[in-house]
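Subject: Structure handover

Hello,

Here is the structure you were waiting for. My notes follow below it.

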Amino acid sequence: MTDGQNPFSRQERVVVIGAGLSGSLAAVYLARHGYLVDVYERRPDPRTAPAGLGGRSINLGLSARGMRALDEVGLLADVLKRSVPMRGRVVHSPDGAVRFQPYGVREHEILHSVLRDELIALLVDAAETSAGVRFHFGWRLNRLDRDTATVEVLSEAGGDPVEVGADLVVGADGIHSVVRQHLQRGLRADYSQEFLEWGYKELTIPVGDDGEPRVRLEALHVWPGESAMMVAHPNVDGSLTCSLFMPHEGPVSFATLDTPEAVLGFFRANFADAEELMPNLVEEIAGHPVGHLVTVRTAPWRHGDRVVLIGDAAHAVVPFYGQGMNSAFEDCLVLSDCLARHTDRAAALAAFEAARKPHTDVLADLSIANFVDLRDRVHKPGYTAHAVADRLLSRLMPDRWTPLYTMVAHTTTPYADALARAKRQDRILRGATAAAGALAALGAVTTIGAALRRRSRGR
Ligand SMILES: Cc1cc2nc3c(=O)[nH]c(=O)nc-3n(C[C@H](O)[C@H](O)[C@H](O)COP(=O)(O)OP(=O)(O)OC[C@H]3O[C@@H](n4cnc5c(N)ncnc54)[C@H](O)[C@@H]3O)c2cc1C
């Protein structure tokens, strides 16, 4: 669809619950289908409220899937203007050594760091300029009648609940979705919520006293570690926002960072070069909340032609593949395609769930597996050799060999298809490694045998 087109002009009413990342972009897409869209968001308007979402990660890595969904509605160029390109990872070792690893082998294989609030504000602006879209900030969903698509909303300022009727309700209300609860209540619904034993805290690397960034800006900075790890995304103003990941409880945990000495001792032992970059470290550790890391798997995502879930409400993942927002944006694109292809809305919603759920389930597994890899395996020699071989093969045969990370972050190959292809490549690589090992062993045996024969002849 191109700007201003409105090929459907349904004049049906959609209520979107949640003006976060997925709800705001969904409003843009739905307006293009000719729906009248009312978005209810319990928080204040991000364009006027102070920045920051109470400890939620304040900047995010945008990659291929999210970029495609933004591009489809003409918003990508504006978003990229407000983001910082990240061309690779700068890995900081415990001894202070630093090395740069490019993200991909091709020029476009980079990520973009963008502030959550700024991105939402841009999406809200774009949606509001579309005909038929209205945002209601400071209003929270209280109740939903899933059979009639009627919602009851409450103003955060107080007063009586207000009932709003619609043809379709889109639940974009995040991980603790109230829409999901009402959609599934009393039905044979699957729901699982899995907390990671690790949490996260947001910290900052401010701009230096000279006004310049304290570290290389166009990269994701990573401090890996088995008992804690930290990543830092760059901001347009030259500062970086760090997420410190570590266990909630235990000998090395957020619970033990309870004095300035404990904080400084921990950073010196684990992230040697970080302390001098973070002048507000002690105050921020004491003052910032610890966030939870949760995976949500659930079904169904829809009810007849009346209710559908998107984004974290349908499939929340832990952030170690940086795909939560990207997959939420991809939901908006796929939902829009399904609505365009099916005149029967129930069929469209069924097609949407069928198209997405197998892949977001795989993303959930991949995200947890990547956490385990980052924590336990990434420093081990065998893992590094495998990763190097994977990258080398993709350089040598770019059309025939693509590492899993590249497929997930830099392509729009559906997640399950990416995993299936990566497993095939893995089998080939392991087979080749085993064959090379066998040849090397055979060579070694032959050499040793020849040496032994020479020695016995010499006796
Ligand atoms: C530490 C961390 C780092 C991350 N990094 C990345 C990254 O680099 N890349 C990436 O792609 N993803 C990342 N993510 C994931 C990403 O933040 C989420 O996947 C994304 O926010 C999901 O968007 P959403 O709109 O579905 O949900 P949300 O962003 O949670 O938005 C839901 C909205 O609904 C509103 N709401 C909730 N309940 C109600 C109600 N009853 N009535 C009205 N409104 C309501 C909320 O106020 C909120 O505004 C990260 C997550 C974390 C925790």
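Asp-145 has Thr-150 in E10 as its bridge partner. E9 (139-145) pairs with E10 (residues 150-155) in the antiparallel sense, over 6 bridges. Strands here are DSSP runs of at least two residues (E), helices are runs of at least four (H or I), and both are numbered from the N terminus. Two strands count as paired if DSSP finds at least two bridges between them. E9 and E10 make a hairpin with 4 residues between them. Ala-149, in the loop between E9 and E10, has a positive phi of about 55° although it is not a glycine.

On provenance: this is a predicted model, in which local features need pLDDT of at least 70 and side-chain atom pairs count only at pLDDT 80 or more, while totals for chains, interfaces and linings use all residues. Residues are numbered from 1 along each chain as its sequence is written, and side-chain values use heavy atoms, with hydrogens and water left out.

The ligand site

Which residues come nearest to the ligand? They are Ser-22, Glu-41, Gly-61, Arg-116 and Asp-312, out of 31 residues around the ligand; a residue is near if one of its heavy atoms lies within 4 Å. By class, the shell has 11 nonpolar, 12 polar and 8 charged residues. Nonpolar here covers Ala, Val, Leu, Ile, Met, Phe, Trp, Tyr, Cys and Pro, charged covers Asp, Glu, Lys and Arg, and the others, Gly among them, are polar. At least two shell residues come from each of helix H1 (21-32), strand E2 (36-41), strand E3 (59-62), strand E9 and helix H9 (324-341).

- Arg-116, through a polar side-chain atom, at 2.7 Å
- Asp-312, through a polar side-chain atom, at 2.8 Å
- Gly-322, through a polar backbone atom, at 3.1 Å

The protein covers 92% of the 1000 Å² of accessible area that the ligand has on its own. Accessible areas are from the Shrake-Rupley method with a 1.4 Å probe, and for residues only the protein chains shown count as cover.

E13 (residues 190-205) and E17 are antiparallel over 8 bridges, and Ser-192 stands opposite Arg-297 in E17. Contact means heavy atoms within 4.5 Å.

The other open sheet has 6 strands in the order E8-E2-E1-E12-E19-E18, also with mixed pairing. E8 (133-137) and E18 (302-303) are its edge strands, each pairing on one side only. E1 (residues 13-17) and E2 run parallel, joined by 5 bridges, and Ile-17 has Tyr-40 in E2 as its bridge partner. H10 also lies across E12 (168-171), E18 and E19 (307-309), at about 15° to E19.

One backbone detail remains: the peptide bond between Ala-299 and Pro-300 is cis, with omega about 0°. Pro-300 is in the loop between E17 and E18.

Regards

Note on methods
Polar contact = N/O pair within 3.5 Å; in protein donor to acceptor, adjacent residues only side chain to side chain. Axes fitted to C-alpha atoms, helices over the stretch in contact; angles between N-to-C directions.
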